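Keep the sequence at hand as you read.

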Amino acid sequence: MKQYSTTYIFIFAAALCLACSTMISAAYVGLRERQDENRLLDKQKSVLIACQKIKTGEKISREEILKRFSNIEAKVIDLATGKYVEGVDPDAFDEDAVEKVPAPKNAAQVLEIPKQVKIYRVMDGDHLGMMVLPIYGKGLWSTLYGFLALDADGNTVRGLTYYQHGETPGLGGEVDNPKWKNRWPGRKIFGEDGSVKLHVIKGQAGPATENPYEVDGLSGATLTSRGVSNMLQFWFGKDGYGPYLDQYRKNGSA
């Protein structure tokens with residue numbers, strides 16, 4: 001059996017590592033555009049689920065996603081003022097790179113707030129049909145990222161979905177359950193005094209027509225349920241979309 005020197009083995013191993021890393025890098029660069037497209041498509045699909053234009057788990061083609069998304073436009077808003085940011089292309093807007101500021105202490109455990117946020121407007125001709133707003137906050141084991149769709153009144157929920165989280169399957173992971181998601185449409189975010197009243201309770205809340213400010217709790221997932229309530233309190237308060245929704249009500253359009 002041929003014996004190889006230690007030097008030869010090290011050189012061979014280094015050459016093999018270099019070759020493998022080069023191939024991996026080339027594959028990453030070559031597929032990056034496709035990966036970016038897939039991420040965008042996945043985000044658009046999540047927006048459509050929040051709008052109730054796609055059912056959770058529904059298999060749908062890329063072409064159909066783009067078709068159903070055709071009347072939805074993205075806008076960038078300044079969270080502090082609630083106004084649209086001029087001169088920013090929403091399609092090129094990098095949500096990860098946007099400047100952030102420290103968040104005040106909050107139960108949702110949001111540590112930083114982006115100065116600018118991309119939202120979505122579902123248009124019915126020239127009129128706003130609904131708005132879709134990104135939300136996130138701490139559950140039990142993870143940060144949950146999702147979208148909440150509001151009716152044109154800026155108060156009535158049309159749908160809710162979470163597209164990324166690490167909650168326990170069968171417990172907190174039930175935020176993905178279509179039956180639970182179907183409990184949200186028709187609920188109200190704000191009470192008559194303008195405060196955020198919508199929250200998740202233990203047990204059953206009843207239909208939205210009778211109990212508009214409460215949603216059924218997730219069985220065996222008290223902390224995840226509480227986390228959902230906390231992020232609603234945060235994102236629809238003064239540090240979240242409060243200024244934007246105030247502008248909307250003041251101007252009569254979004």
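The model is a predicted one. On that basis the protein has 5 helices and 9 strands. Read from the N terminus, the order is α-α-β-β-β-β-β-β-β-α-β-β-α-α. The chain has 254 residues, and 41% of them count as buried.

Start with empty space. A probe the size of a water molecule, rolled over the atoms, shows where such space is left. The largest pocket holds about 960 Å³. It is lined by 32 residues, and those closest to its centre are Lys-43, Glu-95, Asp-96, Lys-118 and Tyr-163. Which elements give two or more residues to this lining? They are helix H1 (6-50) and the strands S1 (72-78), S4 (116-124), S5 (127-138), S6 (143-151) and S7 (157-164). H1 gives the most, with 7 residues. By type, the lining divides into 17 nonpolar, 4 polar and 11 charged residues.

Two of the residues closest to the pocket centre, Lys-43 and Glu-95, also pair with each other. Their side chains meet in a salt bridge, at 3.4 Å from N to O. Lys-43 sits in helix H1 and Glu-95 in the loop between S1 and S2, so the pair ties together parts that are 52 residues apart in sequence. Glu-95 is partly exposed, at 32%.

Now take the salt bridges as a group. Side chains of opposite charge can pair when their charged atoms come close. How many salt bridges does the structure hold? There are 10. In one of them, Arg-158 joins Asp-151, with the closest N and O atoms 3.1 Å apart. Both partners are partly exposed: Arg-158 has a relative accessible area of 29%, and Asp-151 has 23%. Another salt bridge links the side chains of Lys-238 and Asp-239, at 3.4 Å from N to O. Lys-238 is exposed, with a relative accessible area of 68%. Asp-239 is partly exposed, at 26%. Salt bridges with shared partners also join Glu-58, Glu-64 and Arg-68 into one network.

Turn to the surface. Leu-140, Trp-141 and Leu-223 form a nonpolar patch there. Together they have about 320 Å² of accessible area. Leu-140 is found in the loop between S5 and S6.

Finish with the backbone. Which residues other than glycine have a positive phi? Gln-52 is one, with phi near 70°. Gln-52 lies in the loop between H1 and helix H2 (62-68). Gln-52 is partly exposed, with a relative accessible area of 42%. Gln-109 is another, with phi near 60°. Gln-109 lies in the loop between strand S2 (100-102) and strand S3 (112-114).

Methods: Residues numbered from 1 in each chain as written. Predicted model: local features only at pLDDT ≥ 70, side-chain atom pairs only at ≥ 80, totals over all residues. Heavy atoms only, no water. 1 Å grid on protein atoms, 1.4 Å probe; cavity = no way out; pocket = protein on both sides within 12 Å on 5 of 7 lines; lining within 4 Å. Points joined across faces, edges and corners; volume = space filled by probe spheres on them. Helix = DSSP H or I, 4+ residues; strand = E, 2+ residues; numbered from the N terminus. Nonpolar A, V, L, I, M, F, W, Y, C, P; charged D, E, K, R; others polar. Patch = residues over 30% accessible without salt bridge, like charges linked within 9 Å, V, L, I, M, F, W, Y side chains within 5 Å. Areas by Shrake-Rupley, 256 points an atom, 1.4 Å probe, with all protein chains shown as cover. Salt bridge = Lys/Arg side-chain N within 4 Å of Asp/Glu carboxyl O. Buried < 20%, exposed > 50% of the residue type's maximum accessible area, 1.4 Å probe, protein only.
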